[in-house]
Structures are given as structure tokens and as C-alpha cells.
Amino acid sequence: MPDPYAPKKSDKFTFGLWTVGNPGRDPFGDPVREPMAPTYIVKMLSQLGAYGVNLHDNDLVPFGASAAERDRIVREFKAALSDHGMKVPMATTNLFGHPVFKDGAFTANDPKVRAFAVQKTMRSIDLGMELGARIYVMWGGREGVEADACRDAREAIKRYRDCVNFLCDYVRDQKYDVRFALEAKPNEPRSDLYLPTTGHMLAFIETLDHPEMVGVNPEVAHEQMSGLNFHHGIAQAIDAGKLFHIDLNDQKPGRYDQDLRFGSESLKGMFFLVKLLEESGYDGPRHFDSHAYRTEDEAGVWAFAHGSMRTYNIFKDKARRFAADTEIQALLKEAGASNGDGLGAYSREKGKQLKDTTFDVDALARKGLAYEHLDQLVVDLLLGAR
Ligand code: GCO
Ligand code: MN
Ligand code: MN
């Protein structure tokens, strides 16, 4: 019998080159795995059923490569994409690896560093366009501080805005068909990062010159580092029409950015996330921004990649079962889960009527909501006891 959870191209699963290509270096230890060529990653991921790969400029073209070298690398990479039927839906810029970015990129105090960061991003957007990307992610890797004395935080926000506005105009001028997705993170690698959550990003976007070109790329681990409920943030991004991309992984609370395999820790939270994505009609890539444990060899990396996609598909199936489960649905109906009856628009008459209405608040307060039972049914469903 074919595996019902096997990943398929139509599932739109993508991985960063930097994710499966992560050699397992950490602040305390050296790499434990050999580097993998991007063309090899493309082949292997395609065989596993992935739809595409995403990249930072320097995941593909080394920092400082000559124009001729760049063109050769890109040519070979494009050939691999076409040989293996793989897409590059998203591209991004590495604005954190080189020491020049030690004080940040768009927010750095030195205007030459800010200008270099914008130049690097423009070139990296060109590369993304050449590879067919339609989403451009901006993650402010080192846009933050250890010493808050170094600048007024309002100045940092203003600098970040100026750079994003400049890049939006660049893209418009080039007539590139691409949208930007901003990724928030509260800390790491800096002590504190500016624009730390998806909510901050959503508010910031409205202050841009072209807010319609810019949305968000929320990451599970980043919001969980802040102690937030990830799927609530996603619901708000969807509600605002701003969920342009998503970084799936997992995270234990109160730790460094662990980038764990999707769904390996927060079973219930990730179930509700997948349910939301699937039921909302989100049709963007399901991108995994995570990596295999440092204990793994190459076989472990592919087990990690396969497991990420498989878990997503299991949750998708569980979401279908949740919707088809008559007991769960009856409880939801009883609880008024979809009852959106509201007051409607204000009128003086309606306001007066409402003020004069008498509510039996004790009766309302007495009513049990049966959420314990409902939640247990979800647990049963997730644990396979239903
Ligand atoms: C991290 C980030 C990055 C970004 C990537 C794309 O915490 O390291 O999540 O992986 O998503 O750089 O911009
Ligand atoms: Mn990410
Ligand atoms: Mn991350």
C-alpha cells in the first residue's frame, strides 16, 4: 500500500540550501558533516518529494566570487533545477555572516555598511529573479544590539524603513514580479533584535511607502522563543492578507533558536498551525527552516527532511479527521464556535437598545463550555486513540 503521508510536489514543500546543508557547527563545536554541493541537495530533495529549494546569495555563490565564477555556478545550478524538476520560490540575502555586518546591516551606524548591505541585497534580488523566485525574504540577522547606548532605537527603525523603501523602489523600477516577506526574531545572534515579533512587523509594514509589496515570513521557533502562540500570530497575518511565506520548524520554550525538525516538539501547536494553513487556503510554499541534530550523518539529514514533510502531511490528515469527527463538531456547535452573530454597525438607536437590554449574567456565567472534553478529543485524535 502506498504511504498516504508520502511528500508530493503538489504539497509545495521547500527547504533552504542552508538547512539540509547545515554541517552541524555550533558555538561550542566544529562541523560534524561534510559540506554538500547545492546541485546534490537539489537532486536529493527532489527524490524525497520536495517542490523546491530556497537560498541566501552566499549559499550558492561564495562571498567575493568573480562575475565569471558566479555565472558558472548559477548556470550549473539552473541545470540541476531543471533536471530534477525543482523550483526556487524564495530567495534572501546573507546580511549576517561577514564581519562587516557585526553592527547590523540596514541599521548599522556606519552609512557605508548600510549602503553595502543594500547593494548586496540588490544583487541578491537579481540572482533570485534569475532563478525564478517570487518571494524575497528579509531577515534582519544582526539588526539589533548588545549595548543600547549605541543608538536611539527609533533611528534604527527609521534606517530599516529607508532601506526597505529603497529596495521596493528598486524592484518596481526593474519591473520584477516579487514581494518581500519580513521575518522577525527576538534575539540571537544579537542580544536583542529590532522588530522582534511578527506583530511588530505587521505594524511596521503599514509605515512603508509601498505596504502592499511587503508581508511577513513568520518562523515557528522565533515566536516560540518569545513565548507566543505561533498559530495566533499566523491567523493575524492571514487576516491582514500578509502571510507571504512561512518558516516551519520547532522549538522548546526558553531556549536558543533550536531549529528542530517540524512538529518534533509542539505536537498540539503544530497541529493547529497546519489546520489553519490548510483551512485558510494558504497556497504559498511550506518551507522548512530547520536542521538535523548534530548527532547525525548524511543519512540522518535525509531522515530529518523526510520526517519534516511526513509530519506535516500527518497533521493535514488529522485536520481532515477533526473536521469530519461528528462528536468534535457537535461540541463545537454547542460551544458556538462558528457563531459570529455580532451587533452589526453602530446606530444611535442600536446603542440605546443595547444599553437598555437586561442580561441574565449569572445564567451566562454558569454555563459549562465542555472544553476539557473537547481538548481531550483532540489529544485522542493526535495520539491515534481516535
Ligand atoms: C535564523 C533565521 C534564518 C532565516 C534565513 C532567511 O534564525 O537563522 O531563521 O534561517 O530564516 O536567513 O532569511
Ligand atoms: Mn527563518
Ligand atoms: Mn531561525
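## Around T197

In this predicted model, T197 touches A184, E223, S226 and L228, leaving aside residues up to four places away in sequence. T197 sits in the loop between β7 (192-193) and α7 (198-205). Its relative accessibility is 12%. Buried means under 20%, so T197 counts as buried.

Strand β4 spans residues 135-139. Five of its five residues are buried, so β4 is largely enclosed by the rest of the structure. Side chains in a regular strand alternate between the two faces of the sheet. In β4, I135, V137 and W139 point one way. Y136 and M138 point the other way. All of them are buried.

β4 pairs with strand β3 (residues 90-92) through three bridges, and the two run parallel. M90 has I135 of β4 as its bridge partner. The bridge partner of V137 in β6 is A181.

## The manganese site

Which residues coordinate the manganese ion (ligand 3)? They are E219 (OE), H222 (NE2) and D257 (OD), at 2.2 to 2.6 Å. Along the chain, these donors follow the spacing E-x2-H-x34-D. H222 and D257 link distant parts of the chain, 35 residues apart. H222 belongs to helix α8 (residues 220-225). D257 lies in the loop between β9 (247-248) and α10 (267-280). Both H222 and D257 are buried.

A manganese ion (ligand 2) lies 3.9 Å from the manganese ion (ligand 3). E219 coordinates both ions.

## Ligand 1

There are 13 residues around ligand 1. Those that come nearest are H56, E183, K185, E219 and D289. For E183, the separation is 2.8 Å. For T92, the separation is 3.2 Å. An N or O atom in the side chain of D247 is 3.0 Å from an oxygen atom of ligand 1. T92 falls within β3 (residues 90-92), which is joined to β4 by three bridges.

Technical notes:
Residues numbered from 1 in each chain as written. Chains lettered and ligands numbered in written order. Predicted model: local features only at pLDDT ≥ 70, side-chain atom pairs only at ≥ 80, totals over all residues. Heavy atoms only, no water. Donors = N, O, S within 2.8 Å, 3.2 Å for Na, K, Ca; no water. Helix = DSSP H or I, 4+ residues; strand = E, 2+ residues; numbered from the N terminus. Buried < 20%, exposed > 50% of the residue type's maximum accessible area, 1.4 Å probe, protein only. Pairing = 2+ DSSP bridges. Contact = heavy atoms within 4.5 Å. Near = heavy atom within 4 Å. Polar contact = N/O pair within 3.5 Å; in protein donor to acceptor, adjacent residues only side chain to side chain.
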